[in-house]
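Please read these notes with the model open.

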Amino acid sequence: MYKSLLYKEWLKIRYFLLGYCIIFLFIAGYLFLDIRHMLTMGKPIEIWLYIIQYKMLFYRIVKFIPLLGGILMGLTQFGPEMTKNRFRLSFHLPLPEIKMLLFTIGVGSGVFLIINLFFYGGILLVVAKYFASEIVISTAKTILPWFLSGMAGYFSTAAITVEHSWKYRIILILVAGGLISLMLSERGYEEHVFVIWQYIIIIVMLAVTIIFPGYRLRKGSK
Amino acid sequence: MPTKISRYMFILLFILMAAVYLPEFYWKIFGRRPDYIAVQYSPIVRQFVIQRTLSYMKTEYFDLKGNSYSQIEFEKLLPFHYYLDLDKWNILPEKVQNIPIDISTIRKKSQHFFQRPVNLHDSSIQLFPLFGSELDFARIVLPDEVFRINDRMEFIDVRKNIINEGRTSDFTAALKNAGFAFPAKIIAGNPTIRKPFDEGYFIVDAAGSVFHVKTIKNKPFCKKTAISPDLGIRYISIAEDQRREFYGYLFTNSDEVYLITYDNYKLIRLPLKDFTADEMTLRFFADPLYRVISYFNSEKTYGVVTDLKYNLVDSCFMDMVPFEKTMIGRIDKGLFPFKIETESENSIYKSFRLRPSGNLGLIGMAVSLLLFVFIKYVYRREKLSDNPLDLVIVALTGIYGLLAVLVIRPEIWDKSADPFGY
């Protein structure tokens with residue numbers, strides 16, 4: 001049962017995953033070239049001090065990619081299910097709908113998390129090639145909320161897609177949008193270091209939220 | 001059960017979002033710039049003179065005796081601030097308190113600095129450039145290395161991102177000879193080339209002693225200063241100035257402020273009463289006759305003036321009306337039982353700080369609760385036993401909870417709401 005469900009998920013998300021990997025390889029490659037170019041064209045010490053003192057986020061290109069990825073991942077997984085109410089078909093399976101929903105987002109978020117861990121590491125490796133460990137650690141702390149926003153984006157998109165009433169969709173969009181934009185607002189580096197745990201709690205809460213629209217879908221509530 | 005929990009998670013997220021953004025919207029709509037007060041000391045009338053910019057951009061000039069001035073009269077009282085204007089009008093006095101002055105003397109004998117609470121709560125990558133002192137050329141040039149101090153003083157060549165072992169061992173040895181205990185707790189300098197000369201860094205070691213570290217003609221200079229390790233130094237700021245009176249200033253854990261002088265690093269304590277570094281902005285102004293220090297937050301402004309030897313001459317205090325105490329601020333408190341602040345003026349770090357509104361907030365909470373009871377039990381005719389937790393949520397979170405539970409309505413729960421109910 002779970003094996004077939006897993007296969008179904010794989011069929012839906014494989015092209016997305018391929019595309020996401022390609023985009024991230026491209027971004028990492030671009031970042032590598034960009035840093036090298038920057039250090040070749042300018043005096044390296046000026047670049048370093050610009051990063052340290054003026055808090056230039058030279059890796060800013062990464063910022064919205066995880067969020068965009070999360071949203072697209074949610075759409076590729078739940079979009080096809082929700083067109084023509086196909087998802088209701090799976091309510092005939094001998095599996096409670098909540099368990100099935102949790103399994104589906106579990107698979108999706110697990111795969112997305114693993115891929116993002118690789119990308120996170122990849123970006124840090126690129127930075128470590130040219131900069132001292134202090135700058136690498138600062139980068140790690142600064143881009144972590146961006147990756148967390150990807151997870152939050154995934155769970156909220158899943159819930160928004162499964163929800164079939166526009167009233168709740170709009171509320172979900174407002175709530176998720178408001179909370180995700182907190183994770184993405186900064187002027188310099190390391191501003192979010194004291195609220196990482198709070199963000200993780202928010203993400204878990206967003207994940208659990210999907211049960212409510214799922215239940216409403218099966219009940220056919222307006 | 002899980003579906004109910006899921007609904008409550010949704011409600012909690014809604015409340016969190018609302019508690020962050022609703023007060024912010026309220027502030028965006030009704031917020032007004034608070035009055036801005038600048039306290040200065042006039043060497044002409046020998047008393048504090050005050051410039052107050054009101055929220056509607058009108059500026060008032062007055063002194064503490066109740067005299068008010070026009071802008072030109074005000075500038076005449078402060079020749080050390082407005083000497084360019086006075087010179088243009090040909091009314092710059094030749095002598096102030098029997099001391100002859102002209103533009104160049106004023107410039108040479110003036111110095112100021114400005115310290116905001118956010119400087120104490122700021123992120124900083126602990127890598128620093130070490131400039132050369134007493135070089136052959138007039139201009140300061142950027143080095144090709146930055147240093148860090150962990151178990152030694154390491155210099156990283158930024159061109160190749162590798163450690164320069166030669167310089168590292170030179171400086172580590174020099175620090176050890178001076179009695180430095182690794183690693184460093186605070187490294188404070190002025191890492192810019194836009195300064196007249198370089199004084200290097202003041203470094204607090206693991207034992208709390210303060211060292212002065214710079215490079216003179218490419219040789220390390222490390223000196224243990226006489227500053228007591230028991231002072232409890234929290235923050236040091238260094239700024240080179242042609243006057244060469246002090247290297248900079250430091251804050252201690254007990255909110256004392258000291259200047260670090262060129263006289264063998266002797267400390268001068270500034271006579272500041274009720275100063276809190278975490279909340280107050282500090283402004284220091286040295287002119288040819290006085291040292292004028294003012295410090296303020298949104299509620300209070302203090303002014304202190306000393307003579308050239310830092311003996312207290314006069315001090316003043318002014319109250320201001322903060323946003324919380326205006327009518328709009330009171331409505332804000334009644335409407336929102338609490339706020340969640342994610343950003344602060346005094347820190348660059350994000351937070352989820354819960355700010356309760358105090359007793360005024362209880363009014364709003366009671367009104368919300370009454371409204372909820374009316375809508376739910378009278379208008380919608382629901383049973384008291386249905387979703388009793390909703391009531392608790394409204395009672396605890398006021399308007400946020402009211403909006404949340406009214407918008408995110410409970411379903412008619414059935415047994416299959418249990419995922420394992422099959």
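1. The C-alpha centres of domain 2 and domain 3 of chain B are 32 Å apart. The assignment for chain B, automatic or from a database, gives domain 1 (2-32 + 328-417), domain 2 (35-116 + 278-320) and domain 3 (122-271). This is a predicted model, in which local features need pLDDT of at least 70, side-chain atom pairs count only at pLDDT 80 or more, and totals for chains, interfaces and linings use all residues. Residues are numbered from 1 along each chain as its sequence is written, while chains are lettered from A and ligands numbered from 1 in the order in which they are written.

2. Domain 2 of chain B gives 11 residues to the contact with domain 3 of chain B, which gives 9 (contact: C-beta atoms, placed from the backbone, within 7 Å). On the domain 2 side, β7 (111-115) and β23 (300-306) of chain B each give two or more residues. The largest share, 3 residues, is from β7(B). Elements are DSSP runs numbered from the N terminus: helices are H or I, at least four residues, and strands are E, at least two.

3. By class, that domain 2 side has 6 nonpolar, 3 polar and 2 charged residues. Ala, Val, Leu, Ile, Met, Phe, Trp, Tyr, Cys and Pro count as nonpolar; Asp, Glu, Lys and Arg as charged; the others, Gly among them, as polar.

4. Now the chain contact. Chain B contributes 43 residues and chain A 40. On the chain B side, α1 (2-30) and β10 (145-149) each supply at least two residues. The largest share, 14 residues, is from α1(B). That side has 29 nonpolar, 8 polar and 6 charged residues.

5. Chain B has an open sheet of 4 strands, order β1-β2-β3-β4, with antiparallel pairing (strands pair if DSSP finds at least two bridges between them). β1 (36-42) and β4 (68-69) of chain B are the edges; each has a single partner strand, so one side of each lacks a neighbour in the sheet. β1(B) pairs with β2 (residues 47-53) of chain B over 7 bridges. Tyr36(B) has Thr53(B) as its bridge partner in β2(B).

6. In chain A, the axes of α3 (residues 65-82) and α5 (residues 133-162) come within 7 Å and cross at roughly 20°. That makes α3(A) roughly parallel to α5(A) (angles under 35 degrees). Axes are lines fitted to C-alpha atoms, for helices over the stretch in contact, with angles from 0 to 180 degrees between N-to-C directions.

7. Residues in the α3(A) contact with α5(A) include Gly70(A) and Gly74(A) from α3(A), and Gly150(A) and Gly153(A) from α5(A). By class, the contact has 13 nonpolar, 10 polar and no charged residues.

Notes. Two residues are in contact if their C-beta atoms, placed from the backbone, lie within 7 Å. Angles under 35 degrees count as roughly parallel, over 145 as roughly antiparallel, 65 to 115 as roughly perpendicular and the rest as oblique.
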